[in-house]
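Subject: Structure handover

Hi,

Here is the structure for you to pick up. Please load it before reading the notes below it.

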Amino acid sequence: MNWTTMLQLALRALLRNKTRAMLTTLGVVIGVGSVIAMLGIGSGAQQRIAEQLASMGTNNLVIRPGSASYGGVRTGAGTTTRLTRADADLIAELVDVVAVAPIVNTEAQVRYRGTNWGTDIAGVSPDYGTVRSWPLAEGEFITRRHVQAASHVCVLGQTVARELFGLRSPLDESIIIKGLSCQVIGVLTEKGANAWGNDQDDVILIPITTVQRKLEGITHVHRIELSASDRAASFRLYKEIKQLLRQRHRLQEDQPDDFRMYNRAELAQTSEESARVFTWLLGSIASVSLLVGGIGIMNIMLVSVTERTREIGIRMALGARQRDILWQFLLEALVLSTAGGMLGVFLGLGGALAVARFSALPVTVTPVSVLVAFVFAGLVGVFFGLHPARKASQLRPIEALRYE
Amino acid sequence: MTPLLQIRDLHKAYVLDGVTIQALRGINLDVEPGEFVAIMGPSGSGKSTLMHILGCLDVPDAGSYQLNGRDITRMDSNQLAALRNHEIGFVFQNFNLLPRTSALENVETPLIYAGIGKSERRQQARAALERMGLGDRLDHLPNQLSGGQAQRVAIARALVTRPSLLLADEPTGNVDTATSTEIMALLDALNQQENLTIVLITHEREVAEHAQRQLLLRDGQLEARA
């Protein structure tokens, strides 16, 4: 007996009980739909996290001065003054270091003609833009020469540019920072808030030496950020730099580090991992509903086999083999589950679109997730259809014929 | 002439409510091709059990049964299904048409299991129904047919695979007298004009008298009726 005939038999049997078929399918529709929508929401979240991490610089290491210990008195983190630009220069020579940015922070009330604005000042080196993956919107960045000469130049973040200059271009204008007149040579692109909600664009960058010598009168740096060529390198560099700094700072074996180092890659890994777990969690919750849909199919198929016992007996008397009966019922279950799968794909896509539209959540439905959900629905049909179909095929002809 | 159907010392017992019933105790039966045999017997005499074995729906506990020279006691369920499909046509008391399935589709069903293609199937089923005078009832559902029409659809379905044996189990049990006469005339015609072998099971004497040979099943054994 050929497949088209069998499929026709299955379809005809299902169409005889349309309401029942639709309700049975509904379970699978909802199951597949929710799997697709949930996976979409999950991978959307994953993508957003990946984007945020990329904007932070995923393979970055951050080094800050540690706590100092003066005869038993331990001051807080960041209180030592032992991290210097020389440290940064040495780190820059290590293999797989893409860029190194020593940074000195301060705050200032800056003035431009009649207006003023309180903001963060960061003393930076030319590599800062690379380390932070932060391109310029206009003008140029602080150069090596500016650093050597401790030039009176600055690069503005978008917020500062807007507050002081409104819509006009700030290029070549001079602003007053703590009594120092600095020429604006560039404006950064907008970066938005960081993961902790701080406005990253509310900043002025000036040469690191200018801050050290002319504003603060210090020789140490507040932090060194560096980017490694890849994630594996960042983990290796973490160890190497630790070793290097301990040697340079002449620390004895039993002395603690006088610096702290953070690996952003670690954070990235954790976030990505949790996003993946989140996706799996959503997906598996949704799969439960698909499973329940499958049980619905089995339930209806069992009822159907009982109701149609006599029909099965007649078919056997007319020459149906056991496997003909098995396939007839299995195909019915498969038709139910795959039809549910198809409708569920549409429901899932619709649901994902609705979520994307009415919430701020990004939603990414991948073809793979659609395929997986659909195939899963088919498997549910086979798995839950097999038992009723076997039951039907193993009925004894005379008993099936006698069944009232 | 070799008999179409040859049964020797056939035994069958079944268990009903924990009690073993010896339904058939040594049946011997030969049916020649083209014969019309009626088997009678009171209810509970084992008529149905014999019918099921003759129809290859069940297998005997002991004894031999050869159909067209083939020993059915050695067959597996697939071979029995094929035999039911090709060699045997069933007509039941309660018609046993597939519910909510048109007359044409009912008659097509055995051809589906015979593996015959759709257009060929359609054509043969239509021809079989037309021979039964039901050319205008092809798309009717079983519940839209009279008892006589339903039984004629069942006969068309039984004969569509051109079997060598027609088994009729109380074919007139559920119809009125006029229809009964009509159905028996049809069976007579099939037997006489087309040389169809028929084994009929009934408890009605008038029905049994259409057959050339009448047998009585009593206490699990067959005896000729004078």
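Below are the conventions, then the findings on a helix pair, a set of strands and a pair of domains.

This is a predicted model: local features need pLDDT of at least 70, side-chain atom pairs count only at pLDDT 80 or more, and totals for chains, interfaces and linings use all residues. Residues are numbered from 1 along each chain as its sequence is written, while chains are lettered from A and ligands numbered from 1 in the order in which they are written.

Helix pair, chain A

Take helix α9 (residues 264-307) and helix α12 (residues 367-393) of chain A. Helices here are DSSP runs of H or I with at least four residues, and strands are runs of E with at least two, numbered from the N terminus. The two axes come within 9 Å and cross at roughly 25°. Axes are lines fitted to C-alpha atoms, for helices over the stretch in contact, and angles run from 0 to 180 degrees between N-to-C directions. α9(A) and α12(A) are therefore roughly parallel to each other (angles under 35 degrees count as such). The contact includes L290(A), M298(A) and V305(A) on α9(A), and F376(A), F384(A) and K391(A) on α12(A). Contact means that C-beta atoms, placed from the backbone, lie within 7 Å. By class, the contact has 14 nonpolar, five polar and one charged residues. Ala, Val, Leu, Ile, Met, Phe, Trp, Tyr, Cys and Pro count as nonpolar, Asp, Glu, Lys and Arg as charged, and the others, Gly among them, as polar.

Strands, chain A

Strand β4 (residues 97-112) runs antiparallel to strand β5 (residues 115-124), joined by nine bridges. Strands pair if DSSP finds at least two bridges between them. Y112(A) stands opposite T115(A). Two residues lie between the strands of this hairpin, and R113(A) takes a positive phi near 45°. β5(A) also runs parallel to strand β10 (residues 203-207), with five bridges. There, G123(A) stands opposite I206(A).

Domains, chain B

Chain B is divided into domain 1 (1-87 + 163-226) and domain 2 (98-162). The bounds come from an automatic or database domain assignment. Their C-alpha centres lie 23 Å apart. Each domain gives 11 residues to the contact. On the domain 1 side, α2 (77-86) and α6 (177-194) of chain B are the elements that give two or more residues. The largest share of that side, four residues, comes from α6(B). By class, the domain 1 side has six nonpolar, four polar and one charged residues.

Best wishes

Note on methods:
Angles under 35 degrees count as roughly parallel, over 145 as roughly antiparallel, 65 to 115 as roughly perpendicular and the rest as oblique. Two residues are in contact if their C-beta atoms, placed from the backbone, lie within 7 Å.
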